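Here are a few exercises to work through with the model open beside you. Try each task before you read its solution.

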Number of protein chains: 2
Amino acid sequence: MKFTEIVDEIKNKRSYLCIGLDSDLDKIPEYLKDMEDPIFEFNKRVIDATKDLVIAYKPNIAFYESMGPSGLSSLSKTLEYIPKNIFKIADAKRGDIGNTSRMYAKTFFETYNFDAVTLSPYMGEDTSKPFLEYDKKWIILLTLTSNKSSTNIQHYTNSENEKLYSHVIKDSLRWSDEMNTMYVVGANRIDEIREIRKIIPKNFILIPGVGAQGGNLKEISSHSMNNNCGIIVNVSRDIIYADSSTSFESNIREKALIYKNQMELILNERGLI
Amino acid sequence: MKFTEIVDEIKNKRSYLCIGLDSDLDKIPEYLKDMEDPIFEFNKRVIDATKDLVIAYKPNIAFYESMGPSGLSSLSKTLEYIPKNIFKIADAKRGDIGNTSRMYAKTFFETYNFDAVTLSPYMGEDTSKPFLEYDKKWIILLTLTSNKSSTNIQHYTNSENEKLYSHVIKDSLRWSDEMNTMYVVGANRIDEIREIRKIIPKNFILIPGVGAQGGNLKEISSHSMNNNCGIIVNVSRDIIYADSSTSFESNIREKALIYKNQMELILNERGLI
């Protein structure tokens, strides 16, 4: 998917919502568990209930891997089921080099046909290179995450008072641009996201941590939006586990709609739609 | 596997060799490709040819993931085939938090029954915690890797002249010890590994990059060994792709034996066997 296609999708749908498909066999509605592929059946219903409200889906790969080979089959079927115009993010946080990194790029961009994959920057540029060779595909670099212990590493500060997360972004600008690279910044990083937006005025920022993790949508949006919207906000548990009855789809839709309506309001106030 | 069991295995086998099972359909002998599960058949033959010479196997998960669900079946069968006394390392370089990290721990320690998994430290302590809850299981933290671009991140230096990789180790010592945590240091990091050994005198260090990647076994061993040996040296391509004929097993064994004999000599010189 191209940069302009993502921006168009946001404007058409009046939404920058991404739903995290962190689908867990222990948490999905009971009645689905008797079916042949409960995780796919769950995802299918979530997608049907929300596909006109979201611009992206983000399966977290750990949930599928933990089930062994059959979990990857559920993932594969899910990817085929997501409509073409919706951005597909593999939340994989991979970070390897050389031949191995090429294998991961093949996994997510060819075997499963994702549009984007989250990567850890700890091994530097070598991790990203093989992914950047794919046309219309994206990397999303971990930058400043929402968890408490991340600051021990990501706030590591050099003698010029520059923190590691900021250095990670600047390093990446040597070999990537806003047409192929996004950044992950947690929704609770209100203070830092303003500074980050100054370093990358044009890049998309993927923001998890709204909803169950407590981040405030309005506040984080106002600090990070640019003239192309420039942010994708992910919500997982707060939407997909909104209800566990046999009619859970309508409750999921209702929850997603609340986020979508808030986003429409924010986009409107910014004059973007 | 317990710390003492690993040390005993090293002394019994007079070896600290780990073979990386980076098994690639494009590189295995042609005649195996007609079989039902070529990757498992290849691994089975590598294991049969080398299991008395090695103390560990390390499948790199990317190679299995890139084949989709069937690749994970090959991985699962491979894990069941490795003898119980051999240390099984998932080279996965995962790095996530909370519920997701728990799912990765379940994947590697329960679904596939690995003894250890490599982790990226970028998100801090939260990544490791769920893995450390398992008894007799190990985390192996990426510390200082062999690739060139890693220095842009891992050598990031604070105002007290401490580099990030060193800080990562010291940070981990707050919540782990030598009974559950190892560190990855590339075989070409000769200068730094002496300093690293001073910070962690007792922990095992996993050293990749000997062989095809050019690291010198004798030099890196002499700079990093401790009184329990304390190092596991991984070789992948230089052994498993030593030959592609129908009798490749004997050539693989011969290559592994060269490494094993060098290691026996080094262990002997150090008075460890």
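**Exercise 1.** Decide whether Lys136(A) is buried or exposed in this predicted model.

*Solution.* Start by counting neighbours: Lys136(A) has 12 C-beta neighbours inside 10 Å. Next, recall the cut-off, by which a residue with 12 or fewer is exposed. Lys136(A) therefore counts as exposed. To place the residue, look at the loop between helix H6 (125–132) and strand E5 (138–144) of chain A.

**Exercise 2.** Work out how chain B is related to chain A and through which surface the copies meet.

*Solution.* First, superpose the chains: a rotation of 180° with 0.0 Å of shift along its axis brings chain B onto chain A, with an RMSD of 0.0 Å. That is the relation of a two-fold axis. Then turn to the contacts, where 43 residues of chain B meet 43 residues of chain A. H5(B) gives the most to this side of chain B, with six residues. By class, the side has 15 nonpolar, 20 polar and eight charged residues. Last, compare the two sides: 100% of the interface residues of chain B are also interface residues in chain A, so the copies meet through the same surface.

Notes:
Residues are numbered from 1 along each chain as its sequence is written. Chains are lettered from A and ligands numbered from 1 in the order in which they are written. This is a predicted model: local features need pLDDT of at least 70, side-chain atom pairs count only at pLDDT 80 or more; totals for chains, interfaces and linings use all residues. Copies are superposed by least squares on the C-alpha atoms of residues with pLDDT of at least 70 in both. Two residues are in contact if their C-beta atoms, placed from the backbone, lie within 7 Å. Helices (H or I, at least four residues) and strands (E, at least two) are DSSP runs, numbered from the N terminus. Ala, Val, Leu, Ile, Met, Phe, Trp, Tyr, Cys and Pro count as nonpolar, Asp, Glu, Lys and Arg as charged, and the others, Gly among them, as polar. A residue is buried if 20 or more other C-beta atoms lie within 10 Å of its own, exposed if 12 or fewer, and partly exposed in between; C-beta atoms are placed from the backbone.
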